[in-house]
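This briefing concerns a ligand site and the packing of helices. Please consult the sequence and the model while reading the points below.

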Amino acid sequence: MKNQQSNQDRVLIFDTTLRDGEQSPGATMTLKHKLEISRQLDDMGVDIIEAGFPNASPGDFEAVHEVASVVKNAVVCGLARAVISDVDRAGEALKNAYRPRIHTFIATSPIHMKHKLKMRSDEVLDAIEATVKRARKFTDNVQWSPEDGTRSDHDFLCRAVETALKAGATTINIPDTVGYRIPTECADLIRMLRERVPGIGKAVISTHCHNDLGMAVANSLAAVKAGARQIECTINGLGERAGNAALEEVVMAMQVRQDVLPFTNRINSTKLTHVSRLVSEATQFPVQYNKAIVGKNAFAHEAGIHQDGMIKNAGTYEIMRPEDVGLAKTSLIMGKHSGRAALREKLTELGYTIGDNRLNAVFAKYKILADKKREVFEDDMIALMQSTATDESNDYLKLQSLSVTCGTLETSVARIKLMAGDIEHEVRADGDGPLDAAFSAIKQVFPHHARLVRYQVNAVTEGTDAQATASIRLSENDHIVVGQASDTDTITASVLAYVNALNNLAIRRQKKCPQSAEYTEDIEPSGSLRAV
Ligand code: KIV
Ligand code: ZN
């Protein structure tokens, strides 16, 4: 009886960081990062990992295929529009998955059907039936979603859900695609479907909420209270536009507020901080300082009155313990003389498990940093891990040396030695400030038309000797590439970040990898990933 009860209260956590999360403009992740994220999500207890949209591009296909091969416990899911070729491609990509799921969707709201799909409602129903049936040929685990479901006509939505169920869908996911609804409306919609759609009791009802009005988490939890038993979410709330419901927030809300949210899930919450950092590193999207659960300030207390309360009893200002989300106070102090073993130990404390090659690369940089800085803080170690995340040995451009003169009295001049493939170039340029000069010099070696669309520098810790982390975002022909680097010298960090972005641009040019904006428009008329 107890088991039956807990099964009914069990909420499945469906992570779509690698699919909807990656649809955030500029959040493209490398295959290596996707595999690492999948392993960590699996290890953390995520039930379903949506690994990508296989028919979107060869890169997406490969990612889903590879993720399916490494994930040991979770269901691995691939997305498909209501197009037979999409479903077939998803089935193919998932063929090595231990537990495959195909997720097929089509828009059901009047505005999407009329203007985007240009399909009548009977055509939409036919497409649902055909594609869900097709998906069932590959797996008996089929999820179907009515895109823009929360703005769909109720009668039509019920017919569409019933059609999907009859065709063999086992999970019905209701997306609030444009993040329009408020919690009571989300709950009412789930209740309406449970009351009106025959056979819905046999399927799992899922919720997929976007955060355009900042209500994605509240909407997801309201849907669960009304009977949904799967939440679709992303790490750090990544996703289209304002993002999706943040996994760490829904999980901790259920953990902290068991009194009003008496549901269970399989997530090991002590892994949340580490996975959050990993996703931030992979996407180069910084986590907002005051972000709930995983923001740098989420457990920081500055006001004297708060600090006083905390010393007397942490419960005065903390509703959860930092260690519950993996922010345990660590013990090892790192210094100039610390060796490889201590470094490995420290990184393990911070949640990083690394092999010998990576350890050597991090250690080399650690030694240089420890020589320059009085104290090496945990945030410095995290920045170090992020700046050694990519294997630089295959980079086309490698900065050999940099020298800049600048100031109020003279024009800035940069002199740079740069390897491009096997050839060393020595270039010089002047410019409007040191970066303008340095970037112009590099452009002589690697000509391009990319626009600098974002340049950001953050001090990793306090003090004038703090490391700076620079992130650069370039856009060429609507393709976004990013670069990141850290150094105690801000100009050096910025130039290294620029070189890193150009190396990513070189890879993108080679692959000519299409971005979502291109592939969503070419297969008509059955669907698109972008709301119009
Ligand atoms: O937001 C949305 O509607 C989606 C669907 C593909 C589920 O992401
Ligand atoms: Zn979505």
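**Ligand site and helix packing**

Ligand 1 is surrounded by Arg-19, Asp-20, His-103, Phe-105, Ser-145, Glu-147, Asn-173, Pro-175, Thr-177, His-208 and His-210, where a residue counts as near if one of its heavy atoms lies within 4 Å. The model is predicted: local features need pLDDT of at least 70, side-chain atom pairs count only at pLDDT 80 or more, and totals for chains, interfaces and linings use all residues. Residues are numbered from 1 along each chain as its sequence is written, chains are lettered from A and ligands numbered from 1 in the order in which they are written, and side-chain values use heavy atoms, with hydrogens and water left out.

**Contacts of ligand 1**

- Oxygen atoms of ligand 1 lie 3.0 Å from a side-chain N or O atom of Arg-19 and 3.1 Å from one of Asp-20.
- For His-210, the distance from a side-chain N or O atom to an oxygen atom of ligand 1 is 3.0 Å.
- The protein covers 96% of the 260 Å² of accessible area (Shrake-Rupley method, 1.4 Å probe) that ligand 1 has on its own.

**Shell around ligand 1**

- Two or more residues of the shell come from each of β4 (100–107), β5 (142–147) and β6 (171–176); strands are DSSP runs (E, at least two residues), and helices are runs of H or I of at least four, numbered from the N terminus.
- By class, the shell has two nonpolar, six polar and three charged residues; Asp, Glu, Lys and Arg count as charged, Ala, Val, Leu, Ile, Met, Phe, Trp, Tyr, Cys and Pro as nonpolar, and the others, Gly among them, as polar.

**Helix packing**

- The axes (lines fitted to C-alpha atoms over the stretch in contact, with angles from 0 to 180 degrees between N-to-C directions) of α6 (residues 121–138) and α7 (residues 154–167) come within 8 Å and cross at roughly 25°.
- The helices α6 and α7 are therefore roughly parallel to each other, the term for angles under 35 degrees.

Key:
A polar contact is a pair of N or O atoms within 3.5 Å; within protein, one must be able to donate a hydrogen and the other to accept it, and residues adjacent in sequence count only if both atoms are side-chain atoms. Angles under 35 degrees count as roughly parallel, over 145 as roughly antiparallel, 65 to 115 as roughly perpendicular and the rest as oblique.
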